[in-house]
Amino acid sequence: MVRVESAWLATLVDLGIASIELPDLTPLAGPEDLAHLAEAAESGGNPLIPLLNRLKCRLRGRNTAAAGWLHKGLTSQDVVDTAIVLCLRDAIARIRGDLLVQVGALSRLADEHRETRMAGRTLTQHAIPITFGLKAAGWLTGVLDAREQLAAAGRLPIQIGGAAGSLAAPTALTGDPGRARDLVAATAERLGLPAREPWHTSRAPLTRVADAFVTCTDAWGKIANDVLVGARPEVHELIEGAAEGKGGSSAMPNKQNPVHAVLIKRAALAGPPLAALVHAGAAAAVDERPDGGWHVEWATLRTLARRTVVAGSQTAELLTALRVDSGKMLATLHAARPEIDAEQQSVTPGVSPDQPYLGATDEIIDAVLARAHTLKGSAC
C-alpha cells in the first residue's frame, strides 16, 4: 500500500499537479506497525485508513505540504486493490520460476523413461501396459496447461477509479478527464502494471488469478497422488528423494514418509474452496463498492497465493529428486499377466504376450516434449 501511495504521489509531482518536494514514504511505516494496523483496521473496515493516518502524522513533521497531497484523488479501494495486485504479481513470478523447474524435470523423466514398462491402472485396478514416460508426459501436460493459464491471468492491471469508479476526484485535480486517465496510466507505468478502466466491482482479474492458482495445484495434486500410490511399500515404484530430517516419524524410526507429496496434496485439496470464495465475493458485488464481497478477497487471496507458492516449490523439489524403480515397475507388470493383456488379446486374438501394446506412446511423448520446448523458449 505504501508503494501505491508513493507511486501516485510521485506521478502527481511529475505531471506538475502537485508542487511539492517529493518525500520517501518507505521509512514511515514498517513491520513494527502491523499490530496497530491490524487492530485499527476494524474501525474503518480496511487497513488503508489507519496506515494513511500514520503516514500523514509522521510526514507532517518533515514535509507538511506533501502530507496534504498524500492520497489526494484516491480512495481506499484503489490502494488496497492495487496493493493486492502487486503482491499477487510477486507470487506469480515465484510460481512461474518453479513451473519452469518442473517442466525441465518432467521433460527429462518423460524422455528417459519412454521405454520403462509398467502397469497402467484405471479405477485403481490394472488396465493395460504403459510406460512411465507416458505417465510423466501426462504430468507434464497438466503443468504446461497450468503454466499457460497462469501466464494469461498474470497481467494484472492497476485498479484506480476513485470513490465510485468515475475518476471524479482525479478529474477535478487535473481539470480534464483525459488528463485524469493519463494520471492513472502514468501511475500504472511507474508500478510496472498495465492500465485499464476501473474494475472496482468487476473482479475478473482476481478470479482469473485464483482459478490459475487452482489449475496449478490441480496439476501438482495429480502428481502427488500418483507419487503417494507409487511410494506405498507394497508398490514401491516411486521414491521421494531423501534429505536430512525429511520424512521421519516421531514414533516409528523405520518410516520414510513421502512428505512433499502429502503437503502438495493438502494444497490441492485446500485450493478450490478458496478460489470459490473469491468467486463468491465477486458475485456478491453491489453498488459501487461491495459490502463484504470486497473484504472477503483479502485474506482468501493471501492464503491461496501463499499455499500455491509453497506447493510450487515443493513440487519442483519432489520432481527434481524423484527416484524411479524401473525394476519394480517391470516386475509388477509381469505379475499382472495374463490378465493385463486381455484388451490386446480381444483386439488382436492370438498375438504373442510379449508383443508391444503401447499404441502411440512415443508420438504422444514427443508431442508433449515439443510443446514444453516451445514454452521453455518463450517468456514465462
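Analyst: The chain holds 14 helices and four strands, where helices (H or I, at least four residues) and strands (E, at least two) are DSSP runs numbered from the N terminus. With a radius of gyration of 27 Å, well over the 21 Å that the globule rule gives for 380 residues, the chain is more spread out than a compact globule; the radius is taken over C-alpha atoms, and the rule is 2.2 Å times the number of residues to the power 0.38. This is a predicted model, in which local features need pLDDT of at least 70 and side-chain atom pairs count only at pLDDT 80 or more, while totals for chains, interfaces and linings use all residues. Residues are numbered from 1 along each chain as its sequence is written, and side-chain values use heavy atoms, with hydrogens and water left out.

E5 is buried and yet has no salt bridge, since K56, the nearest side chain of opposite charge, is 8.1 Å away. Buried means under 20% relative accessible area (1.4 Å probe, protein chains only), and a salt bridge needs a side-chain nitrogen of Lys or Arg within 4 Å of a carboxyl oxygen of Asp or Glu; Lys and Arg count as positive, Asp and Glu as negative, and His and the chain ends are not counted. The side chain of E5 does make a polar contact of 2.7 Å with that of H71, the term meaning a pair of N or O atoms within 3.5 Å, where within protein one must be able to donate a hydrogen and the other to accept it, and residues adjacent in sequence count only if both atoms are side-chain atoms. Leaving aside residues up to four places away in sequence, E5 touches L25, L48, L52, L70, H71, L74 and V79, with contact meaning heavy atoms within 4.5 Å. Across the chain, 46% of the 380 residues count as buried.

Conventions: Buried < 20%, exposed > 50% of the residue type's maximum accessible area, 1.4 Å probe, protein only.
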